[in-house]
Amino acid sequence: MLLSALALSAGLLAAAPASAFDFFDVARRAKELAGEKYKAPTSQLPKELRDLKYAEYQQIQPKRDKYLWADGRTAFQIAFHHQGMAFDLPVKINEIDAEGVREIKYDPADFDFGPRQVDAKLLRGLGFAGFRVLYPLNDPAKRDDELASFLGASYFRVVGKGQVYGVSARGLAIDTAVPSGEEFPRFREFWIARPANSDKHIVIYALLDSPRATGAYRFTITPGEDSLVEVRSRVYLRAPVAKLGIASMASMYLYGAAQPSGTANYRPELHDSDGLAFHAGNGEWLWRPLNNPRRLANSSFMVENPRGFGLQQRARDFRQYEDLDDRYDLRPTLWVEPTGNWGKGRVELVEIPTADETNDNIVAFWVPEHQPKPGTALEMNYTLRWTRNEAGLQDPKLARVLQTRRSVGETRGTDLIRRPDGSTAFLIDFSAPAPAKPKDPPLPVSLNFSTGGNADVLENSLRRNPVTGGWRVTLRIKVKDPTKPVEMRAGLVNGQNAVSETWSYQLPGYETGE
């Protein structure tokens, strides 16, 4: 029998066969919600759990024998996140299997609370904060490798083989970096389909809700060297918004080669991602190194029918981080591959000042040129790829930006001693563009460079880098108005043809007196 929207809203799912439940059931509920007045969720979290520090919250763990599907018949398992700290709102979680669809009930006896004593009476009916998906990702004998985590608002993280958590994905972003304030939609309910014993993927449905939007989502997660998440989404607006962010992602950039740390630190670089990349519908590839600005910075790139975009971690050498605990060198790139043509819109990058690595201060997403009218569906489908093979995403014939280094500009005097000259220097290393045929000689290239005008260009030179086999660009600029940003673009060309991705950089401005 088919599930009715009434059964969904009343929670009467236990009697329904699993074959009757699909994306359209969640979509019908999302459409119904969009026509209703928003009801804000309430928290019943006791103070002793709300006041936990992060390390204390991590001590609350589900008991292993209480994992969903701990019987071992499927390679996947589900472990639940307890409420605590800011994760203080209940999330309803349902299981879909051959018997039907049923809610998974919270029981405090299923959790180990570590060294603290918590009165179980205060926890009755509390509910879950989210869940983790476990899978033998790195070792066939180790079933409890963490593959994905859904926790907080509409955020989720996924890893591939040999990766550690870094950049987060997000179901929907509303009014990010808008003066009136950001709205944070949340997944209020999930349906997790039990995989068949031989399945190599898992399907999760989610219902999103917020004051001005609702949405239905289906996530098909396939673990591997690159873990893939096929996303089907249908969004409904209750009311217009200033900015609708599709396929949103959040990451952290504290400092790196393009923006060295202002204090001594044994870690040369510290970031989950070091740049935004996108592949435009016209074929252009662009690379935008990230900043930790002194004030909020917002950059937009107009694109029609994007072929891909994402926050990448290109610095892959452990020596660039020297961090044995957090292993930033193993953090994944998150790449969005749109399904079909998305039409006109923009890729937006938001960079927020941060003083430490605990804050996700980088946000990127797609903004469609036209948002749907309230009550009208906007369907956007795409695949999320969590990878460490950034080069594999790109046209192998194009040269890639290998690194961006920023420093005080210098000139060499007649005595051969280098002295600062009041400029800012950038060194950009490109790989070598591939010749038309493998045995052809290297392509002759020249530099195409431009700046937005808020700087005097003292040098823009190009020379071979014999160490990498590629090309090094050296730029020296003097900023005219330091309160305003400087925009720069550089790329390699062979005649009139671009043979590299475009390096696009913004040197942020700052307020007078900072």
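Biologist: In what kind of interaction do the side chains of aspartate 415 and arginine 419 meet, and what is the N to O distance?

Modeller: They meet in a salt bridge, and the N to O distance is 2.8 Å. The term needs a side-chain nitrogen of Lys or Arg within 4 Å of a carboxyl oxygen of Asp or Glu. Aspartate 415 is partly exposed, at 40% relative accessible area. Arginine 419 is also partly exposed, with a value of 40%. The classes are these: buried is under 20% relative accessible area, exposed is over 50%, and partly exposed lies in between, with a 1.4 Å probe and protein chains only. Elsewhere, salt bridges with shared partners link Arg64, Lys142, Asp144 and Asp145 into one network.

Some ground rules before I go on. This is a predicted model, where local features need pLDDT of at least 70 and side-chain atom pairs count only at pLDDT 80 or more, while totals for chains, interfaces and linings use all residues. Residues are numbered from 1 along each chain as its sequence is written, and side-chain values use heavy atoms, with hydrogens and water left out.

The whole structure holds 39 salt bridges. One of them joins arginine 346 to glutamate 348, with the closest N and O atoms 2.8 Å apart. Arginine 346 is partly exposed at 23% relative accessibility. Glutamate 348 is buried at 2%.

Another salt bridge links glutamate 32 and arginine 29, at 3.4 Å from N to O. Both sit in helix H2 (residues 23-34), three residues apart, so about one helical turn separates them. Glutamate 32 is partly exposed, with 32% relative accessible area. Arginine 29 is buried, at 10%.

Now the charges as a whole. There are 66 positive and 64 negative charges, and their mean positions lie 2 Å apart. Lys and Arg count as positive, Asp and Glu as negative; His and the chain ends are not counted. Each charge is placed at NZ of Lys, CZ of Arg, CG of Asp or CD of Glu.

The protein has four helices and 33 strands. The radius of gyration is 25 Å, close to the 24 Å from the globule rule for 514 residues, so the protein is as compact as a globular protein of that length. That radius is taken over C-alpha atoms, and the rule is 2.2 Å times the number of residues to the power 0.38. Helices (H or I, at least four residues) and strands (E, at least two) are DSSP runs, numbered from the N terminus. The C-alpha trace spans about 85 × 50 × 50 Å along the principal axes.

Burial and surface come next. Of the 514 residues, 52% are buried. The accessible surface is about 23200 Å², and carbon and sulfur atoms supply 50% of that area. These areas come from the Shrake-Rupley method with a 1.4 Å probe; for residues, only the protein chains shown count as cover. As for contacts (heavy atoms within 4.5 Å), take those between residues at least 6 apart in sequence: 67% of them join residues at least 24 apart.

Two residues show such contacts in detail. Asparagine 361 lies in the loop between strand S23 (344-351) and strand S24 (362-368). Asparagine 361 is buried, at 1% relative accessibility. Beyond neighbours within four places in sequence, its contacts include Ser251, Tyr253, Asn292 and Val350. Threonine 222 belongs to strand S13 (residues 213-222). Threonine 222 is partly exposed at 27%. Leaving out residues up to four places away, threonine 222 touches Lys200, His201, Ser227 and Leu228.

Finally, two backbone points to check. Tryptophan 69 is not a glycine, yet its phi is positive, near 70°. Tryptophan 69 sits in the loop between strand S1 (61-62) and strand S2 (77-81), and is buried at 3%. Methionine 85 also has a positive phi without being a glycine, about 55°. Methionine 85 lies in the loop between S2 and strand S3 (92-97), and counts as buried at 16%.
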